[in-house]
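Please read it alongside the sequence and the coordinates.

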Amino acid sequence: RGESHYCYASGPADMRLLSMLALVASALAGASAASECAFVGSAIARPAVRAQVSSPASAVQMRGAVKSTKKKGAKVRSAVAKRMKVTAGGKVLRRRANKQHLLTAKTHKNKKKASKIGQVNSDTMAATYRSILGH
């Protein structure tokens with residue numbers, strides 16, 4: 001027991017094989033020589049660690065969370081949620097077009113108009129967006 005045990009491994013596949021062998025040896029020998037084995041590979045020496053086996057009863061307790069009885073609402077479409085906003089009064093606001101690229105070819109007046117926040121004018125489209133956004 002006085003001498004140290006080293007397992008020389010050249011790559012990750014050898015390291016996996018040696019760790020599996022160490023686990024089997026520790027299970028058979030009661031963690032005597034196998035637990036003292038250090039893996040020397042790629043200039044790193046790590047002591048072997050025994051895997052902890054959990055009992056089936058604790059595994060059953062760890063499964064899924066408690067189910068909620070609260071009714072879930074409809075999912076909000078995130079693409080619309082990123083682009084639209086519903087005000088407190090129920091109006092649907094949006095960004096205007098023509099402000100993304102090729103701005104040097106556009107006049108200052110056009111760029112200024114495109115910077116403003118727009119409103120969805122169509123009542124049917126505004127109602128559609130409100131229902132999609134959950135309002």
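Of the 135 residues in the protein, 18% are buried, where buried means under 20% relative accessible area, exposed over 50%, and partly exposed in between (1.4 Å probe, protein chains only). The model is predicted: local features need pLDDT of at least 70 and side-chain atom pairs count only at pLDDT 80 or more, while totals for chains, interfaces and linings use all residues. Residues are numbered from 1 along each chain as its sequence is written, and side-chain values use heavy atoms, with hydrogens and water left out.

**Fold**
- The protein has five helices and six strands, taken as DSSP runs numbered from the N terminus (helices H or I, at least four residues; strands E, at least two).
- Along the sequence these elements follow the pattern β-α-β-β-α-α-β-β-α-β-α.

**Nonpolar core**
- A nonpolar core is a set of buried Ala, Val, Leu, Ile, Met, Phe, Trp, Tyr and Cys residues joined through side-chain atoms within 4.5 Å.
- Nine residues form the largest such core: Val80, Met84, Val86, Val92, Val120, Ala126, Tyr129, Ile132 and Leu133.
- Strand 4 (84–86) and helix 5 (123–132) are the elements that give two or more residues to this core.
- Helix 5 supplies the largest share, three residues.

**Positive patch**
- Arg96, Lys109, Lys112, Lys113 and Lys116 gather on the surface in a patch of positive charge.
- Patch members have over 30% relative accessible area and no salt bridge; like charges are joined within 9 Å, and nonpolar side chains (Val, Leu, Ile, Met, Phe, Trp, Tyr) within 5 Å.
- A salt bridge here is a side-chain nitrogen of Lys or Arg within 4 Å of a carboxyl oxygen of Asp or Glu.
- Lys113 belongs to helix 4 (residues 108–115) and is partly exposed, at a relative accessible area of 47%.

- Arg95 sits in strand 5 (residues 92–95) and is exposed, with a relative accessible area of 56%.
- Between Arg95 and Gln119 there are 24 residues in sequence and 8.1 Å in space, C-alpha to C-alpha.
- Asn98, in the loop between strand 5 and helix 4, has a phi near 70°, a positive value in a residue other than glycine.
- The relative accessible area of Asn98 is 55%, so this residue counts as exposed.
- Leu102 is found in the loop between strand 5 and helix 4, and its phi is near 55°, a positive value in a residue other than glycine.
- Leu102 is exposed, at 58% relative accessibility.

Note on methods. Areas by Shrake-Rupley, 256 points an atom, 1.4 Å probe, with all protein chains shown as cover. Lys, Arg positive; Asp, Glu negative; His and termini not counted. Charge placed at Lys NZ, Arg CZ, Asp CG, Glu CD.
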